[in-house]
Amino acid sequence: MRVIHGVAAVVLTAGVLTACGSDDGPEKSVDAFLSGWRSGNLDAVGFIDPGGQKIPAADVVTEIKSLSGVLSATPPALTREGEASITKDIATSTVKVDWTLPGGAHWTYPTTVRLSKAADDKWQVIWEPKLVQEKLTGGDEFAIERKTSERASILDATGKPIVESRPVVVVGIEPGKVAGMEQLVKDLDAAFKSVQVDVDLAGLPARAAAADPTHFVDVVTLRKEVYLKIRQRLQDLPGTRYREENRYLAPTREFARALLGTVDPVQKEDLDNNPGKYVVGDVIGHGGLQERYDDQLRGGVGQTVKIVRKTGEGTEKTTEDVAEVFQAEPKPGAPLKTTLDPAIQRAADNALRGVGGRTPKTAALVAVRIHDGTVAAVANTGDVNLAFDASVPPGSTFKMVSALALLDNGSVTLDTKVDCPKNATVDGRSYKNSHDMALGTVPFRVDFARSCNTAFVGLAPSSATTAWPRPAARWGSRASGTWA
């Protein structure tokens, strides 16, 4: 929760100038006051304090702005309600104040304007801070405390949370306590790699040099269970510092990452592209389902309007809470249910882990339930969801049915060596592989994994068309299509 302060010009809605009483009645002065409050020019209104001393109109303008604090940037609508009540030389008029708060919530309340009749029969407004709001006194101002609700979870097929708040440790350094930056970088790199965490530390020396020697310079955020494996190793390094937090995370870093996206602190680009929607310190979805359904998962923002008082001078200046005068509770986020099966998803992630060895290859895997077509797992080798977004030739999709037919009728086993030439001709028709691929004679499992068209074409005569229906039915398809 953060408190926001600010001062800006007050502008009020139009349509409050018409007096309900006579030209000489107090209503005329009330309407002039409301109009002047709206425009920031109160020269047409006479003011006195509760003791009867005159107050310059400019001083009232300044004090209204100061009292309004952050709300002076979102001016209220003011409406005089009925005619003033007069007792001898004192009149009172009720005014409805309606502030539109950041985010659209309305804070509405009545206030009372008191007036005193002067010797020249003109009505003067009795100015005091509580005219703006009954609990205000001199030196106070409005502030807003922004409140966010707990982010809702993304759920699996059974309704259990996949993404939820989990403990992490932010590993950082205090530049002034580092004994030797070059050695520290080497030691950090070795520690991270011991738990299969790859961190780019090339820019750390420059960031540390540019930072205040006592500041926390972040290096990496680790899940707590990963941090605990190397805690002692890290804490033995001079200058390292640690901060425990909670982040919205899936069970593992790679768990359907490209599909789910991530939840991270708001970035400058997010603030620039969504004026007024976020503030520094918010956490929002980036990529995948977290970004697509961010509004649903985050819920609505709540806020509390407070009266605060600043005391002291210079570096000794402090802000003290005086009272809470309005509260709008945040709207809870709504969870998002998926059809993912955690066990199948982990198997899919494991299948793609390390694909290509030291030279990672682009790969994607989608597991679909045959009986209803729902997606049980989505895995990718990177942060781009190629599993959903990539264009795949339909024949290659049908290779799963073709491979099952070949395995079922005993034409091949997974280890049967099958030739994968660059081109193949069957019944006078020529076929080729994508990108002119040629694997040579390799196990059938490799032909399948690499989607070798010519290997499947070469095996087609080994499978009678009667072998198609059963595996096709098992996959929920009719026995039609291409074997490539």
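Where is the place of His215 in the chain? In this predicted model, in which residues are numbered from 1 along each chain as its sequence is written, local features are reported at pLDDT of at least 70, side-chain atom pairs count only at pLDDT 80 or more, and totals for chains, interfaces and linings use all residues. Side-chain values rest on heavy atoms, with hydrogens and water left out.

His215 is placed in the loop between helix H4 (204-210) and strand E11; helices (H or I, at least four residues) and strands (E, at least two) are DSSP runs numbered from the N terminus. With a relative accessible area of 46%, His215 is partly exposed, where buried means under 20% relative accessible area, exposed over 50%, and partly exposed in between (1.4 Å probe, protein chains only). Apart from residues up to four places away in sequence, His215 touches Ile173, Glu174 and Pro175, contact being defined as heavy atoms within 4.5 Å. Gly172 is 43 residues from His215 along the chain, and their C-alpha atoms are separated by 9.6 Å.

The protein chain as a whole contains 15 helices and 23 strands. Of its 484 residues, 40% count as buried. Among contacts between residues at least 6 apart in sequence, 64% join residues at least 24 apart.

Helix H5 (residues 224-235) spans only 14 Å between its end C-alpha atoms, whereas a straight helix of 12 residues would span 16 Å at 1.5 Å a residue; the expected span is 1.5 Å times one less than the number of residues. Within H5, the residues Val226, Tyr227, Ile230 and Leu234 are buried. These residues lie on the same side of H5, because they cover an arc of only 105 degrees around the axis, the arc being that of the directions from the helix axis to the C-beta atoms. Lys229 and Gln232, on the other side of H5, are exposed. Strand E10 (161-173), helix H3 (181-193), strand E11 (217-223) and strand E12 (240-249) are the elements against which the buried residues of H5 pack.

Helix H3 also holds Phe192, which is buried with a relative accessible area of 0%. Not counting residues up to four places away in sequence, Phe192 touches Ile230 and Leu234, together with Val171, Val197, Val199, Leu201, Val219, Val220 and Leu222.

Side chains of opposite charge can pair when their charged atoms come close. A salt bridge was assigned where a side-chain nitrogen of Lys or Arg is within 4 Å of a carboxyl oxygen of Asp or Glu, and by this rule the count comes to 25. Two of these pairs concern helix H3. Lys186 and Glu182 form a salt bridge at 3.9 Å, N to O; because they are four residues apart in H3, about one helical turn separates them. Glu182 counts as exposed, at 60% relative accessibility. Asp189 is paired with Lys193, the closest N and O atoms being 3.2 Å apart, and these two residues are likewise four residues apart in H3, about one turn of the helix. Both partners count as partly exposed, Asp189 at 24% and Lys193 at 49% relative accessibility.

A further salt bridge joins the side chains of Glu254 and Arg353 (2.1 Å, N to O). This pair links distant parts of the chain, 99 residues apart: Glu254 is in the loop between E12 and helix H6 (257-260), and Arg353 is in the loop between H10 and strand E18 (364-368). Glu254 is partly exposed at 32% relative accessible area, and Arg353 is partly exposed at 49%. Elsewhere, a network of salt bridges links Arg146, Arg151, Asp282, Asp294 and Arg298.

Gln345 is found in helix H10 (residues 342-352) and is buried, with a relative accessible area of 0%. A polar atom of the Gln345 side chain lies 2.8 Å from the backbone nitrogen of Val378. Leaving aside neighbours within four places in sequence, Gln345 is in contact with Phe255, Ala256, Leu340, Ala376, Ala377, Val378 and Ala379.

Notes
Polar contact = N/O pair within 3.5 Å; in protein donor to acceptor, adjacent residues only side chain to side chain.
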